[in-house]
Amino acid sequence: MQISRSIYMRRAVFSVVASLIGVVFALPLVWFIFAPFNARAELGLAIPSPFTLSNFVTVFQNSFAMHALLNSLIQAFGGVILVGGAATLAAYALSRSSIPGKGAVTYILLLFSSVVSGSAAMVPIFLIISAIGLIDTHLAVILVFAGGLLPTAMFILRDFIDAIPRSYEESAMVAGASPIQAFFDVALPVIRPGIVVVVVWAFVNIWGSFLIPFILLRKDTLMPASVAIYSFYSEAGTPIVTLLAAYSLIYSLPVIVLYLFVNWKFGFRFFGGIKS
Amino acid sequence: MKKFSLLSTRAGAVFVAPAAALVGVFVIIPFFWVIVVSFTNKTLLGRTAIDPDFVGLQNYFTLFNPATFFARGQFGFSLILTVQFVLFSALIGQALLGLILAWLSQSVSPTLKNFLQTAVIAAWILPEVVIGFAWFAFLDYDNGTLNMIMRGLGLPPADLLLQQPFWVIVVFNTWRGAAFSMMLFNSAFQSIPPSYFQAADVAGASSWQKLRDIALPLIRGHVVTDLILITMWTFNVFTPFLLTSGGPSYRTELLSIYTYRVAFKDFEFGRGAAVGVIIMLINLAFALVYLQIAKKKKAEAE
């Protein structure tokens with residue numbers, strides 16, 4: 001049949017094109033699959049012989065590198081707790097209470113959060129953090145991220161809470177629960193998937209970011225992994241490739257794991273400010 | 001009957017307070033503060049660090065000084081470079097590639113689709129410093145994977161970071177960000193009833209005809225959303241700094257990197273703030289358009 005043959009041809013052409021694009025996309029990352037396991041890794045692509053974990057041993061023995069990962073964890077967890085907590089409370093209030101001007105608040109928050117971006121805000125954020133006296137503290141990074149990520153987080157969660165029937169809490173309150181109890185015992189468990197999404201999103205954002213800790217932190221002992229990674233260069237400025245490769249893989253691991261988790265649990269979609 | 005609210009206004013205010021405080025101090029106050037600072041000669045060190053003078057529009061005059069405006073390493077050069085960067089890497093690169101990727105994904109086998117989407121999404125989710133280093137290794141003149149392939153094909157190797165730095169960051173940013181457009185168009189295509197395409201198949205329409213005559217008109221709203229969002233993000237992106245540091249000789253110094261250099265390398269906060277204000281004004285224009293469209297869409301949906 002004519003039609004089915006042309007459809008078959010089209011499929012074949014599409015498959016070839018798709019494979020090619022996929023390979024081109026993967027190319028810059030292929031190096032990362034091999035280099036961490038190669039004790040003599042250079043910038044060139046080479047199959048390690050033998051496969052070895054010695055680069056990882058070196059990283060684990062490097063206390064500065066490990067401490068930087070700990071710093072990343074502190075900053076990411078701190079930020080995530082603030083964003084998750086404050087966004088849940090605020091989104092719930094915006095959805096369920098009758099505060100005047102709710103629509104306007106949401107609008108203004110979204111507007112400001114997209115206007116005051118990293119590149120426009122680096123000067124005033126540095127100034128405000130200096131003025132409060134928080135330069136060179138974990139708290140500075142945590143607070144700045146919390147402020148920056150909150151509007152989008154609230155927006156995602158508000159959409160989520162709006163979709164939950166009010167009758168859940170209403171029936172609890174008819175049964176004698178206080179509004180606060182209705183929130184903690186009835187609403188919160190139902191909202192939990194939305195909070196998980198927001199928390200994962202915030203974590204990945206803070207964990208991977210470079211600019212904010214780069215301008216707010218000076219002390220080596222506070223550097224998160226994203227900034228500390230630049231210390232794996234020799235005095236001459238050439239990268240110590242074996243270390244960098246292994247460290248990059250360790251540092252990327254949480255992001256990969258979270259992606260797989262979200263993909264498995266919810267199917268990977270995007271939410272919120274980016275929702276179409 | 002009045003719809004009774006589940007949370008009293010007072011309790012609601014308490015719930016909103018922590019978020020309001022954080023956003024107020026770290027988003028809204030900086031917005032106004034940067035405007036104030038842009039009218040001063042504040043520096044990081046020295047007398048003007050503590051006690052800056054009010055200099056009116058001096059910083060803006062310096063930025064727009066016609067004598068130096070277009071010179072490399074000056075504001076105008078960065079601004080034009082950034083506009084070109086947005087045009088090529090976001091509007092043409094990411095959006096078009098994302099559209100092609102989403103369209104291809106519709107009609108290839110699930111295995112291939114998974115491979116394709118995983119590769120594209122990996123480029124998007126991995127931390128930016130890791131990506132920066134991966135590309136540094138990929139483009140290395142002596143050993144990099146790219147030149148290895150070039151030599152294998154009998155082509156001359158190239159030191160692209162030195163020879164074509166601008167096009168390197170354009171391709172880099174296209175590669176890095178295509179996932180978002182792809183996913184947005186994926187979900188847009190899925191919202192089209194399959195029967196539309198089946199009818200076109202029966203009529204013998206080609207894939208291009210289906211895309212042009214059925215899919216694109218139906219997802220026009222998604223396309224506009226995508227273009228505005230990726231424009232805003234690309235306009236503010238700092239990641240190319242991790243690959244080129246703005247060099248060689250300012251040839252990849254986007255506005256975000258220019259701001260960083262002026263404020264944190266040259267320590268001229270006043271001038272850096274003035275650049276920040278201009279970036280915010282441009283962001284504001286895009287954000288207003290975006291929110292307007294989003295609002296209209298929501299109203300239509302209700």
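**Note on a predicted model with chains A and B**

1. The C-alpha centres of domain 1 of chain A and domain 2 of chain A are 33 Å apart. Domain 1 covers residues 2–52 and domain 2 covers residues 62–266, bounds that come from an automatic or database domain assignment. Where these domains touch, domain 1 of chain A supplies 7 residues and domain 2 of chain A supplies 6 residues, a contact between two residues being counted if their C-beta atoms, placed from the backbone, lie within 7 Å. On the domain 1 side, 6 residues are nonpolar, none is polar and 1 is charged; here Ala, Val, Leu, Ile, Met, Phe, Trp, Tyr, Cys and Pro count as nonpolar, Asp, Glu, Lys and Arg as charged, and the others, Gly among them, as polar.

2. A word on conventions: this is a predicted model, in which local features need pLDDT of at least 70 and side-chain atom pairs count only at pLDDT 80 or more, while totals for chains, interfaces and linings use all residues. Residues are numbered from 1 along each chain as its sequence is written, and chains are lettered from A and ligands numbered from 1 in the order in which they are written.

3. The contact between the chains involves 84 residues of chain A and 82 residues of chain B. On the side of chain A that touches chain B, the most residues, 18, come from helix 1 (residues 2–34) of chain A; helices (H or I, at least four residues) and strands (E, at least two) are DSSP runs, numbered from the N terminus. That side of chain A consists of 58 nonpolar, 18 polar and 8 charged residues.

4. One pair of helices across the two chains can be described in detail. The axes of helix 4 (residues 102–115) of chain A and helix 1 (residues 9–37) of chain B come within 10 Å and cross at roughly 65°, where axes are lines fitted to C-alpha atoms, for helices over the stretch in contact, and angles run from 0 to 180 degrees between N-to-C directions. This crossing is left-handed, a term used if the near helix is turned anticlockwise from the far one by less than a right angle, whereas clockwise is right-handed. From helix 4 of chain A, A:Leu109, A:Phe112, A:Ser113 and A:Val115 meet B:Val23, B:Val27, B:Ile28 and B:Phe31 of helix 1 of chain B. The contact of these helices has 7 nonpolar residues, 1 polar residue and no charged residues.

5. An unreviewed UniProt entry lists "transmembrane region" for chain A at residues 12–34, 73–95, 107–132, 138–157, 195–216 and 236–262; such positions are given in the numbering used here, feature names are shortened, and annotations may be inferred rather than shown by experiment. In the model, residues 73–95 of chain A are 100% helix and 0% strand, with end C-alpha atoms 32 Å apart. Residues 107–132 of chain A are 92% helix and 0% strand, with end C-alpha atoms 28 Å apart.

6. The C-alpha atoms of A:Ser209 and A:Ala76 are 10.0 Å apart, although 133 residues separate them along the chain.

7. A:Val227, in helix 10 (residues 225–228) of chain A, is also buried, with 22 other C-beta atoms within 10 Å. Leaving aside residues up to four places away in sequence, A:Val227 touches A:Phe210, A:Pro213, A:Phe214 and A:Leu217.

8. Chain B has 15 helices and 0 strands, and 44% of its 302 residues are buried. Its C-alpha trace spans about 80 × 75 × 35 Å along the principal axes.

9. Most residues other than glycine have a negative phi. B:Ser249, however, has a positive phi of about 40°, and B:Tyr250 has a positive phi near 65°. B:Ser249 counts as exposed, because it has 10 C-beta neighbours inside 10 Å, whereas B:Tyr250 is partly exposed, with 18 other C-beta atoms within 10 Å.

Key
A residue is buried if 20 or more other C-beta atoms lie within 10 Å of its own, exposed if 12 or fewer, and partly exposed in between; C-beta atoms are placed from the backbone.
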